[in-house]
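Subject: Structure handover and notes

Dear colleague,

Please find below the structure that I promised to pass on to you.

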Amino acid sequence: MMHNTGLFLKFIVQRGLFDKGELTSSSGAKTSLVSVGPPAGDTLFTNCTVEIDGARYVGNIGVAATSSQWLAALRENNGDNALLVLVKEDNMAAYRKDGTRFNICTIAYDSRLEQRFDALAGGSRLGECPLPLDNGDPRLVSFLTRLLTDRLERKYNEIIELYYSLGADWNETLYVHMVRMLGRGYFKDAYRNLAMRVPLRVLTRHRHSLHQMEALLLGTSGLLDVLHPDPYIISLQEQFRVLRQTYNLTPMAASSWQRDPAFPDRGNVRPVNMPALRIVFVAKLFHDHDNVFERLLLCDDTIQISALLRSGVSDYWKTHYIPGKTSSYSEKLMGDDGIDYHIINIVIPMLFAYAKQRAMDPLRDKAADLYLGIRPESNRIVTKWKSKGLTIDSAFISQACIQLTREYCEKGRCAECSLGISHIIGK
């Protein structure tokens with residue numbers, strides 16, 4: 001895949017990677033580009049300083065592969081007032097709407113820049129990047145650190161929006177965010193819907209009774225209507241009928257959890273990951289601990305956080321994966337993979353958001369550093385980057401790789417990636 005010439009020219013103009021001497025102008029005017037301002041779209045730069053016949057002007061400059069393409073781009077870029085247009089090929093006279101001629105200049109540059117740009121653009125998807133990776137390269141370490149920060153900033157924006165929508169309550173925010181993230185890629189909307197229908201303040205009024213907390217959540221989820229009605233499930237149904245009237249709750253449709261029409265609760269996932277089991281885990285966690293968010297703030301490391309999250313389930317579920325079918329006894333404590341998932345995707349982003357919102361820089365740094373003590377995820381993105389020679393020994397690196405892949409590689413933003421820029425300019 002060859003690059004878009006206009007984007008390549010934008011890249012070299014923005015970074016000054018061309019002959020900055022006197023430019024060859026179609027109008028015959030002595031022209032030089034003194035400084036380049038910020039880009040505005042793909043074909044325009046604003047607040048640039050241009051010298052024409054000894055006089056200096058500040059305004060916009062345009063960039064296009066050819067002068068004919070510049071004219072075509074005028075319909076979209078509002079560039080009629082450009083002081084100067086830089087092109088690779090001046091193939092026709094170009095005029096403004098008022099009839100005056102654009103000052104079109106061809107630019108010269110090192111052809112190796114274009115070759116490297118082409119090579120990089122040809123591998124702009126995950127696993128095709130041609131760049132060698134060296135964990136010892138300080139530029140790579142710096143870039144990965146910035147990527148991780150960018151990822152946390154993105155999650156901060158999501159969490160802080162949720163925080164204000166929930167009345168600026170950090171415990172409620174943690175609860176909704178945690179329940180939503182239980183859905184992973186499958187049922188995030190359904191889990192969030194459940195958490196919004198049963199607020200934490202309602203759930204914790206019944207901390208004296210885990211049975212009532214399970215009834216509130218499973219009943220509102222709609223799953224009590226489809227689970228096998230053994231004596232325990234029937235007792236939950238009876239309890240929920242009372243609680244539903246007390247709090248005027250509206251149950252969700254059971255189909256919200258349905259991926260397999262033949263078995264709504266299974267949803268094509270392993271038994272331990274069934275929605276009902278994940279929901280009763282939430283009930284047990286908030287039954288065992290009040291003010292969970294404040295408790296997380298007091299944790300010094302991932303070991304303490306893991307101990308807090310490893311709550312398990314109530315007695316009935318220790319011998320059941322599926323209601324009506326007894327299984328061998330299991331505490332069903334959250335495993336190491338589940339703990340790591342919760343710390344990576346729930347705890348650290350929440351601590352980071354809290355610290356940033358309150359301008360607590362030490363806590364913000366501590367939150368990011370927690371990634372260093374967590375094993376890297378095992379997924380296609382991590383596997384691909386490992387195959388490129390990158391050593392991924394913690395979630396700090398794996399999370400940065402996920403950010404790099406989703407925000408740069410998958411969007412073809414090679415020329416905006418620090419690694420790609422270094423490669424193109426030969427440094």
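To begin with the sheet, β2 and β3 run antiparallel and are joined by four bridges, where strands are DSSP runs of E with at least two residues, helices are DSSP runs of H or I with at least four residues, and both are numbered from the N terminus. Two strands are said to pair if DSSP finds at least two bridges between them. Please keep in mind that this is a predicted model, in which local features need pLDDT of at least 70 and side-chain atom pairs count only at pLDDT 80 or more, whereas totals for chains, interfaces and linings use all residues. Residues are numbered from 1 along each chain as its sequence is written, and side-chain values use heavy atoms, with hydrogens and water left out.

The sheet

By contrast, β4 pairs with β5 in the parallel sense, over five bridges, with glycine 62 opposite valine 85 in β5.

Taken as a whole, the sheet is open and mixed, with six strands in the order β1-β6-β5-β4-β3-β2. Because β1 (24–25) and β2 stand at its edges with a single partner strand each, one side of each is left without a neighbour in the sheet. Helix α1 (residues 5–14) lies across β3, β4 (55–66) and β5 (84–89), and runs at about 150° to β4; such axes are lines fitted to C-alpha atoms, for helices over the stretch in contact, and the angles run from 0 to 180 degrees between N-to-C directions.

Leaving aside neighbours within four places in sequence, serine 25 is in contact (heavy atoms within 4.5 Å) with Thr31, Asn103, Ile104 and Cys105.

Proline 39 lies in the loop between β2 (31–35) and β3 (44–52), and is partly exposed, at a relative accessible area of 36%.

The nonpolar cores

A nonpolar core is a set of buried Ala, Val, Leu, Ile, Met, Phe, Trp, Tyr and Cys residues joined through side-chain atoms within 4.5 Å. The largest one here has 102 residues, and Tyr175 and Phe286 are those with the most contacts inside it. Helix α13 (residues 336–357) gives the largest share of this core, 13 residues. Apart from it lies another core, of 27 residues, including Cys48, Leu113, Phe117 and Ile424.

In helix α12 (residues 302–309), the buried residues are Thr302, Ile305, Ser306, Leu308 and Leu309. Seen down the axis of α12, they fall within an arc of 160°, so they line one face of the helix; the arc is that of the directions from the helix axis to the C-beta atoms. The face turned away from this buried side carries the exposed residues Ile303 and Ala307, while the cover over the buried residues of α12 includes α5 (170–181), α10 (275–288), α11 (292–298) and α13.

Helix α6 (residues 188–197) has Ala190, Tyr191, Leu194 and Ala195 buried. Down the axis of α6, these buried residues fall within an arc of 135°, so they too line one face of their helix, and what covers them includes α5, α8 (210–221) and α10.

With best wishes

Note on methods: Buried means under 20% relative accessible area, exposed over 50%, partly exposed in between (1.4 Å probe, protein chains only).
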